[in-house]
Amino acid sequence: MKYYVAGHRGMVGGAILRRLKARAAQGEALEIVTRTHAELDLTDQAAVRAFMQAERPDVVILAAAKVGGIHANNTYPAEFIHDNLMIECNVIHQAHAAGVKRLLQLGSSCIYPREAAQPMAEAALLTGPLEPTNEPYAIAKIAGIKLCESYNRQYGVDYRSVMPTNLYGPGDNFHPENSHVLPALMRRFHEAAQEGRDEVVIWGTGAPRREFLHVDDMAEASLFVLDLDQAIYQANTEPMLSHINVGCGEDVSIRELAGMIAGVTGFDGRISCDASKPDGTPRKLMDVSRLSDMGWRAQIPLERGLEETYRWFLDSQDAGDLRT
Ligand SMILES: NC(=O)C1=CN([C@@H]2O[C@H](COP(=O)(O)OP(=O)(O)OC[C@H]3O[C@@H](n4cnc5c(N)ncnc54)[C@H](OP(=O)(O)O)[C@@H]3O)[C@@H](O)[C@H]2O)C=CC1
Ligand SMILES: C[C@H]1O[C@H](OP(=O)(O)OP(=O)(O)OC[C@H]2O[C@@H](n3cnc4c(=O)[nH]c(N)nc43)[C@H](O)[C@@H]2O)[C@@H](O)[C@@H](O)C1=O
């Protein structure tokens with residue numbers, strides 16, 4: 001089996017690549033194809049077509065996307081909708097044109113309405129208005145699901161979608177403004193502890209709640225869904241409601257998260273909130289019963305995941321290869 005992992009240098013694609021390599025090392029007969037962003041711009045239709053026609057993979061895993069936290073989504077909405085729509089259209093259509101029968105693409109929990117009932121079931125899709133700070137990105141992610149479903153219906157292929165909750169772990173982006181909350185706060189608290197400062201400011205009110213899943217769990221879940229027998233996948237989904245939520249089933253407030261990160265990084269000063277910054281969606285807790293009914297559950301508790309990620313952050317900083 002020849003796998004193409006799109007976005008293998010990103011956090012999720014990197015974790016999926018590690019899992020596939022581990023499987024190959026255990027004797028599974030698989031070949032992995034990758035291209036960096038510099039080698040293949042997935043927004044370039046002709047380049048994606050040439051790549052797919054030349055490589056003709058058996059399986060495509062689409063983990064490449066324009067990704068960022070609330071500030072990046074709010075500041076660069078045109079890039080978020082344009083790049084993600086282009087990447088999805090090109091990869092999904094050209095995979096089909098090259099005869100690819102199996103594909104898995106990653107969406108996001110932001111596809112659900114801002115005021116969706118909690119926990120958010122797959123059926124909440126398209127039932128209400130989206131959160132304005134990330135609506136363009138969410139629209140692109142919803143289009144990704146609908147592309148897969150449409151190609152399944154018209155061409156009889158087997159293209160699946162997983163919707164991850166907020167992710168974190170090795171390979172994350174620690175940019176001070178454009179990253180997600182967990183890596184942003186890990187870096188900010190670390191630097192405050194190192195510099196002996198007595199205050200760290202977090203964005204918004206600290207009241208929003210988020211569910212955090214370790215990226216190694218996400219990689220396991222992705223391959224679990226990809227490997228499901230087609231009859232089981234179809235029995236647990238609907239043709240036009242085919243995506244599967246991935247999460248751990250528990251959430252924390254941003255203030256609670258900040259307290260945990262302060263503990264891990266050794267910061268013992270004051271935590272204050274900058275309410276001039278947006279809160280975004282009030283709560284995003286996934287209903288993960290569709291996936292758990294099929295037998296998958298997250299394994300890495302947030303406390304352990306934070307400690308391991310902090311150690312990875314320190315090592316990567318020392319080695320000079322942190323994404324910032
Ligand atoms: N991180 C999270 O909390 C969540 C992520 N997801 C989803 O998971 C998937 C992976 O996200 P994550 O690993 O966190 O993101 P990353 O930013 O870590 O990785 C994305 C990868 O895609 C590549 N990429 C972006 N644009 C292009 C392009 N035009 N051509 C080729 N490659 C490109 C990036 O390369 P380069 O850096 O060189 O641009 C990068 O390697 C995405 O679909 C995302 O929406 C869903 C929910 C939460
Ligand atoms: C994965 C998900 O990620 C994004 O949505 P989000 O969950 O709102 O993302 P976030 O991680 O940036 O923020 C979570 C909460 O945390 C607060 N917060 C505090 N202090 C910092 C801070 O320093 N940085 C950031 N980024 N947020 C902070 C922040 O104000 C907000 O209340 C979208 O890309 C969306 O499209 C998407 O899919």
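**Note on the predicted model: helices, ligand shells and backbone details**

1. Helix H2. Val48, Phe51 and Met52 are the buried residues of H2. They span an arc of only 95° around the axis, so they sit on the same side of H2. An α-helix has 3.6 residues a turn, so residues three or four places apart point the same way. Ala46, Gln53 and Ala54 are exposed on the other side of H2. The buried residues pack against H4. All of this refers to a predicted model.

2. The end of H2. Arginine 56 follows H2 and has a positive phi, near 40°. That is a positive value in a residue other than glycine. Arginine 56 belongs to the loop between helix H2 (45-55) and strand E3 (59-62). Arginine 56 counts as partly exposed because it has 14 C-beta neighbours inside 10 Å.

3. The loop between E4 and H5. Two backbone details fall here. Glutamine 118 and proline 119 are joined by a cis peptide bond, with omega about -10°. Proline 119 is placed in the loop between strand E4 (102-106) and helix H5 (135-155). Leucine 126 is also found in the loop between E4 and H5. Its phi is near 60°, a positive value in a residue other than glycine. With 14 other C-beta atoms within 10 Å, leucine 126 is partly exposed.

4. Ligand 1. The shell around ligand 1 has 24 residues, and Gly7, Gly10, Val12, His37 and Ala65 come nearest. By class, 11 are nonpolar, nine polar and four charged. At least two residues of the shell come from each of helix H1 (11-25), helix H4 (77-97) and strand E6 (166-168). H1 gives the largest share, three residues.

5. Ligand 2. Around ligand 2 there are 26 residues, of which Gly69, Asn134, Val181, Gly204 and Gly280 are the closest. Helix H3 (70-75), H6 and E7 are the elements that give two or more residues to this shell. The shell around ligand 2 divides into 11 nonpolar, 12 polar and three charged residues.

6. Annotated positions. An unreviewed UniProt entry places the feature "binding site" at Arg188, Trp203, Arg210 and Asp279. Tryptophan 203 is part of strand E7. Tryptophan 203 counts as buried because it has 22 C-beta neighbours inside 10 Å. Leaving aside neighbours within four places in sequence, tryptophan 203 is in contact with Asp274 and Lys277.

7. Arginine 210. This residue lies in strand E8 and, with 21 C-beta neighbours inside 10 Å, counts as buried. Not counting residues up to four places away in sequence, arginine 210 touches Asn166, Asp251, Val252, Ile254 and Lys284. One of these, Ile254, is among the buried residues of H9, the helix taken up next.

8. Helix H9. H9 (residues 254-265) has 12 residues and reaches 16 Å from its first C-alpha to its last, close to the 16 Å expected at 1.5 Å a residue. The buried residues in H9 are Ile254, Leu257, Ala258, Ile261, Ala262, Val264 and Thr265. Because they cover an arc of only 165° around the axis, they are on the same side of H9. They pack against helix H6 (181-195), strand E7 (199-203), strand E8 (209-210), strand E11 (252-253), strand E12 (270-274) and helix H11 (302-319).

9. Alanine 193 is placed in helix H6. With 17 other C-beta atoms within 10 Å, alanine 193 is partly exposed. Alanine 193 touches Thr265, Gly266 and Phe267, not counting residues up to four places away in sequence. The C-alpha atoms of alanine 193 and aspartate 268 are separated by 7.7 Å, although the two are 75 residues apart along the chain.

Definitions and conventions. Residues are numbered from 1 along each chain as its sequence is written. Chains are lettered from A and ligands numbered from 1 in the order in which they are written. This is a predicted model: local features need pLDDT of at least 70, side-chain atom pairs count only at pLDDT 80 or more; totals for chains, interfaces and linings use all residues. A residue is near a molecule or strand if its C-beta atom, placed from the backbone, lies within 6 Å of it. Helices (H or I, at least four residues) and strands (E, at least two) are DSSP runs, numbered from the N terminus. Ala, Val, Leu, Ile, Met, Phe, Trp, Tyr, Cys and Pro count as nonpolar, Asp, Glu, Lys and Arg as charged, and the others, Gly among them, as polar. The expected span of a helix is 1.5 Å times one less than its number of residues. A residue is buried if 20 or more other C-beta atoms lie within 10 Å of its own, exposed if 12 or fewer, and partly exposed in between; C-beta atoms are placed from the backbone. The arc is that of the directions from the helix axis to the C-beta atoms. Two residues are in contact if their C-beta atoms, placed from the backbone, lie within 7 Å. UniProt positions are given in the numbering used here, feature names are shortened, and annotations may be inferred rather than shown by experiment.
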